[in-house]
Amino acid sequence: MTIVAQPLHARPRPADQLAWLTAGWPEFVFHDQETARHLGRVRELFAELEVVLLDGDEIVAAGWAVPLCWSGEVDDLPAGYNDSLARALAAYDAGQQPDTLAILAAAVRGDRQGQGLAGKLLGALRELAGQAAWPRVICPVRPTLKSRYPLTPIDRYAGWTRPDGSPFDPWIRTHYRLGARMVATAPRSQVITGTVAQWQSWTGMTFPDSGDFVIPDGLSVLHIDRATDQGVYVEPNVWLQHR
Ligand SMILES: CC(C)(COP(=O)(O)OP(=O)(O)OC[C@H]1O[C@@H](n2cnc3c(N)ncnc32)[C@H](O)[C@@H]1OP(=O)(O)O)[C@@H](O)C(=O)NCCC(=O)NCCS
């Protein structure tokens, strides 16, 4: 099996080749209004930072990143995923020279997970920083097993390790094996709001009362307030920096 990395837009791709891409995330992440405000421009301006892995003609993994300015200090990190989008656009609009590649999404096709392809994809994304001579690579990671521990604060979860000292979370571990280290947590990486009816359709659950609810694939709980007809979900991530 020869896996080749290629920019997504190197040639036209049939839409059905990429249909699996949205399957890896819960529906609610596609309804973040702040993300929606930025994403169209981001994908257009930074299209050269989208990478796919090909096995023959088939796309088996895909990921993308944005360029932004970061001092290297923890205090200056973006708040998370959404703020990275905003910071990338702000730097572009101000004509600033970026110095940091922020990897914002990576996915491996379901039938090809657990074979180390994510490491290859991250390697290909990291190379983009090398080509552009941006000295830093960061990533607000969505820890894949956190959804099984939605009540645990992200600061505690991020500190969990296995007996061999490696990170407890498998997706953090993949980055760790490539030399990445945790620099901070991002407790408010995304804030997703919707009406009770919207949350019911996004989660397939019913919320008859106000309160906090554990939702499928949620990394934290959903807070429902029936009096104001609003549900708020705050997604925590973990900031990793690659060497
Ligand atoms: C997260 C993701 C990119 C990892 O890709 P991958 O190619 O499977 O990663 P790896 O092969 O390096 O596996 C990483 C670890 O997860 C484990 N793993 C991978 N797929 C798994 C699965 N389906 N079930 C259980 N464990 C799995 C592997 O065993 C490995 O653990 P190890 O450290 O003990 O060896 C992939 O699972 C995915 O696309 N998920 C959906 C989208 C997503 O959540 N992306 C991340 C947020 S941007």
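**Aromatic rings in a predicted model**

The structure, which is a predicted model, holds 13 aromatic pairs.

**Phe46 and Tyr92**

- Phe46 and Tyr92 form an edge-to-face pair, with 6.2 Å from centre to centre and 80° between the planes.
- Phe46 lies in the loop between helix H1 (33-45) and strand E2 (50-55), while Tyr92 lies in helix H2 (residues 81-93), so the pair ties together parts that are 46 residues apart in sequence.
- Phe46 has a relative accessible area of 6% and is buried.
- Tyr92 has a relative accessible area of 46% and is partly exposed.

**Trp199 and Trp202**

- The ring centres of Trp199 and Trp202 are 4.9 Å apart and the planes are at 70°, so this pair is edge-to-face.
- Both residues belong to helix H6 (residues 196-203), where Trp199 and Trp202 are three residues apart, about one turn of the helix.
- Trp199 counts as buried because its relative accessibility is 0%, under the 20% cut-off.
- Trp202 also counts as buried, at 12% relative accessibility.
- Ring pairs link Trp199 and Trp202 with Phe28 and Tyr233 into a cluster.

**Charges over rings**

- Lys146 lies over the face of Tyr157, at 5.8 Å from the ring centre.
- Arg181 has its charged end over the ring of Tyr176, 4.0 Å from the centre of that ring.

Note on methods. Residues numbered from 1 in each chain as written. Predicted model: local features only at pLDDT ≥ 70, side-chain atom pairs only at ≥ 80, totals over all residues. Heavy atoms only, no water. Phe/Tyr/Trp six-rings, centres within 6.5 Å; stacked < 30°, edge-to-face > 60°. Helix = DSSP H or I, 4+ residues; strand = E, 2+ residues; numbered from the N terminus. Buried < 20%, exposed > 50% of the residue type's maximum accessible area, 1.4 Å probe, protein only. Lys NZ or Arg CZ within 6 Å of the ring centre and 35° of its normal.
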